[in-house]
Amino acid sequence: MPSFFVRAIVLVSALGLCACRGAQPPATAPQSADAGSVTGLDPAPVDEALLEALQSFRDRFACNAISGCPAEAVLIGFGWAARPHLEQMFQRAPKQATYRARAVRALAELRDPQALPFLRRVATDSDPEARGYAVLGIGLLGAREERANFEQLADSDRTVWSAAPRLSALWVLRRWGDPTAEARFLEELRLLTSQQMAGPALTWGLELCARPEGPSCDAVLPAAARHGNFTVRRAAIRAIAVHPTPALAPVLVMAAADPIHSLAEVAERALRELSGRQDLQGAGAWRDWCAQTKCDQPVLDPEEQP
């Protein structure tokens, strides 16, 4: 009989243990590491498309200076909601990460007033590319109290290393009404076109030329279109394509023969717009067109016509 009670007690204890285990709440599913690592913020409220764009933005194969960065346009499309995520991305990025400076560029395009303190801090960063984008962002926000700082920056050391923020400062000062800024901006570009190591800064300056509120850079575009750096040539042809003029037709004809197919396509589209000839295709066809129309002859002012 005692053994019966012992077995009963053991059985009851086992059943109680099973019941207790069954009453425990299920283990909490682990949170996605991607959301936190990309944004540094609470992942719960992050829009899935925004999260995907942030991830792609950090991928150097999906976002780079050569093939472009579609994710940048997506992030800008989210408007001010993207600002805190881009700020966090910059702050957490390794110094050598290519997306570090690009995050500042996207922030500048958002034109979010709440980004102004952040942009002011980045304007003193050690990376000149990030500084150049930050200066543009401050200018787009109309923070004219920075005018004295920008004037000092525009007259800073003339090294290629500091050219990007210097170009941004001159571009903003022109936008703010400085009568000398445009000539100084174009002279800066002219000097850079003769320097093979000036690729990144020159590319940035040409992108500023192509902006709707930018100055006419026609005087320096032919030299830039012959630069050895692909991104410089591409930026020059894109700037011409914004408003193609007869005087720059020979440059477009030359670019139509560029070995980089994507660049040649931009040049051909601009030539079709300029000439009205939708039937022409290929570098040879455009060379023949130029010979027939004498497109490589200087375009005279109407008052200078014989």
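**Entry 1: helices 10 and 11**

I looked up helix 10 (residues 163–175) and helix 11 (residues 181–193), whose axes come within 8 Å and cross at roughly 155°. Axes here are lines fitted to C-alpha atoms, for helices over the stretch in contact, with angles from 0 to 180 degrees between N-to-C directions. Helices are DSSP runs (H or I, at least four residues), numbered from the N terminus. The angle makes helix 10 roughly antiparallel to helix 11 (the term applies to angles over 145 degrees). I noted that their crossing is left-handed, that is, the near helix is turned anticlockwise from the far one by less than a right angle.

On the side of helix 10, the contact residues are Ala163, Arg166, Leu167, Leu170, Trp171, Leu173 and Arg174; they meet Ala181, Glu182, Arg184, Phe185, Glu188, Leu189 and Leu192 of helix 11. Contact means heavy atoms within 4.5 Å. I recorded 9 nonpolar, no polar and 5 charged residues in this contact. Ala, Val, Leu, Ile, Met, Phe, Trp, Tyr, Cys and Pro count as nonpolar, Asp, Glu, Lys and Arg as charged, and the others, Gly among them, as polar.

**Entry 2: the model**

The model is predicted: local features need pLDDT of at least 70 and side-chain atom pairs count only at pLDDT 80 or more, while totals for chains, interfaces and linings use all residues. Residues are numbered from 1 along each chain as its sequence is written, and side-chain values use heavy atoms, with hydrogens and water left out.

**Entry 3: helices 5 and 6**

I then turned to helix 5 (residues 83–92) and helix 6 (residues 98–110), which pack at about 155° with their axes 9 Å apart. They are therefore roughly antiparallel to each other, and helix 5 passes helix 6 in a left-handed crossing. Helix 5 contributes Arg83, Leu86, Glu87, Met89 and Phe90 to the contact, and among the residues of helix 6 are Tyr99, Arg100 and Leu110. I listed 9 nonpolar, no polar and 3 charged residues there.

**Entry 4: the largest pocket**

I found a volume of about 1,300 Å³ for the largest pocket. A pocket is an open set of points on a 1 Å grid over the protein atoms alone, where a 1.4 Å probe fits, with protein on both sides within 12 Å along at least five of seven lines; lining residues have an atom within 4 Å of a point. Of its 43 lining residues, Arg102, Arg105, Tyr133, Thr203 and Glu207 lie nearest the centre. Helix 12 gives the largest share of the lining, 9 residues. I recorded 25 nonpolar, 8 polar and 10 charged residues in this lining.

Definitions and conventions. Helix = DSSP H or I, 4+ residues; strand = E, 2+ residues; numbered from the N terminus. Parallel < 35°, antiparallel > 145°, perpendicular 65-115°, else oblique. Points joined across faces, edges and corners; volume = space filled by probe spheres on them.
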